Amino acid sequence: MKNVLLFLVAFLCLALAAEAAEPSLVVSIPQIQGRGVRSPLEGQTVTTTGVVSLVTNLGFFMQDETGDGDEATSDGIYVHQGLMPWVTPGDRVRVQGVVNEYVPESSALARANPHTELTRVQVDILSSGPSLVPKRIMFPPAVEGDLERVEGMLVELPGLLTVTQNYFLGRYGQLTLAAGGRLMRPLSQFVAGSPEARALATENARRRIVLDDGSSRQNPDPTPYPGSGGQVRVGDRVQSLLGVIDYGLSGNEGAGLTEYRLHPLTPPLFTRGNPRSELPPAPKGDLRIASFNLQNYFITRDRSGADCGPGASRNDCRGADSAMELQRQRTKIIHALVALSADVVGLLEVENRGNEAVQDLVAGLNERLGAGTYASVSLPEGGAGSDAIRSAMIYRPARVVPLGASVSDSRPVHNRPLLAQTLVAQGRRFNVIVAHFKSKGRCPSELGSLDGDLGDGQGCWNARRVAQAQATRTFISAMQRRSGAQDVLLIGDLNAYAREAPVLELVHNGLVDQIARFDTKPYSYVFDGESGALDHALSNESLWPRIVSAGHWHINADEPVYLDYNLEFRQPACRSCAPDRYQPDPFRSSDHDPLYVDIRLR
């Protein structure tokens, strides 16, 4: 037995020695890259030379000095060291390493676009190399995925690009850019499954690229790409970029979106292509009605043992995590509501703990505008449901008068009950209904569920939202009978874009999309680099002629997240750090833009 063990140990040592002594292939970078998305030398140990083009915090990009003249093969490659390298741009280096195809996450898209790199490397600096000449490429490419042929290379993008997402700027140093202007959500314009919707989705993917700061560090200090006035808005522009192309995450989450990325060699210069509007358009009618998703306004903070609503757990305590964050959040929301100057406001994502959170906002508004300027409608007959958040409504008593108590539709189909109030203004009676349909997140776990993601762009829980839209129609009829008023305005966050089935269920059955009347490409939210309207205002036929204006006030969707009230996920606070960019103003008071509807009463 002892002899057998000795033999096995000797055999293992010989095998390891043979592996260590295995010579590496001496090849060029284009030979490593090959003509396909995966290297023909994947898994093999190779030695190659090149000139360093860009250094990251975990490695560097290098490029063949002359290239092979083949447009189908890249002349550049990434060298992953796992630590800050000691090379500098311009160094001519020899690298021995293992060819690896890195997949940043498990999606089919990421698996189809692995990132070729060298790992387990030995690096030798040979000399100073020749200056690399960037390859001038046209963007967008003729075909999505065509940037594979310049993966790892120094390139110049000569055209004009538009910022189409800034969500990851403060945390990961990334901006999503697009050729040809802002990217619109396909289902904000076309019906799910239609050839037009599929074509626009493909076109959007072809037109976008991520501008990355070349670092995997989170919350970089200072925040890159400050832009005009210290922030880059969606819609701002940049001309002629110089940098290195690779493929990876947009963000830093394992299940995030993956895109081709450009790491700039020189600081990009952004120009303001989408100026801020300090105030919404002035009211045009006799009455302004608004809707505003507050992104979780909780006066009960997220702390151990907190009671955030009926049957709630600590995880249901959302919004601010500290007294300082709450004050910052409250200040921004009140600034926004004051500027909206609406006579009636439907509020969404308010803490479902009686009327405390709403009254807190009312008190803040009245402190700014004078006692009694705003009031809250009563808690609804039928209850506010068991969700951690609810819908609420505030109004100006000097302008409108509630007729009776508010009413809710608490049928089980609703995750959050509809909230309705009959109001009287200048002798005219009308109904305002606030809706917040089921969100697209947290997909059901049951296989084959109709509420699963069917891949048509409508996301999860679409069948539930359609059922909620159908229930909303019957509730509208009930409110008309109850109040004796035919005029109805439905406002709120339907968690569906304008051409998705839940909205179509409403507009094909008697309601009119008032935002679409006045804006051909409305948006109130930006997700995965695409803009669209989740927040809607729909009226019945009798109210339609009296609506003279409707739209979104773009104070949130276009703004970078690091301007909001939160203290986490941004550059650290320290003596040498750049200042906190929070301001006590309406901008980035939430993640949704508020909407407004102006009504002529007579």
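**Close-up views of a predicted model**

**View 1. Surroundings of Ile-394.** Beyond its neighbours within four places in sequence, Ile-394 is in contact (heavy atoms within 4.5 Å) with Asp-343, Val-344, Val-345, Leu-347, Val-358, Val-362, Leu-365, Tyr-374, Ala-375 and Ser-376. The model is predicted: local features need pLDDT of at least 70 and side-chain atom pairs count only at pLDDT 80 or more, while totals for chains, interfaces and linings use all residues. Residues are numbered from 1 along each chain as its sequence is written, and side-chain values use heavy atoms, with hydrogens and water left out.

**View 2. The largest nonpolar core, of 30 residues.** Such a core is a set of buried Ala, Val, Leu, Ile, Met, Phe, Trp, Tyr and Cys residues joined through side-chain atoms within 4.5 Å; buried means under 20% relative accessible area, exposed over 50% and partly exposed in between (1.4 Å probe, protein chains only). Leu-294, Leu-337, Val-345, Leu-347 and Ile-394 have the most contacts inside this core. At least two core residues come from each of strand 14 (287-297), helix 6 (323-340), strand 15 (344-351), helix 7 (356-369) and strand 17 (389-395). Helices (H or I, at least four residues) and strands (E, at least two) are DSSP runs numbered from the N terminus.

**View 3. The disulfide of Cys-443 and Cys-460.** The sulfur atoms lie 1.9 Å apart, and a disulfide is a pair of cysteine sulfur atoms within 2.5 Å. This link is right-handed, with 85° about the S-S bond. Cys-443 is partly exposed at 45% relative accessibility, whereas Cys-460 is buried at 2%.

**View 4. The disulfide of Cys-574 and Cys-577.** The S to S distance is 1.9 Å. The torsion about the S-S bond is about 95°, so this disulfide is right-handed.
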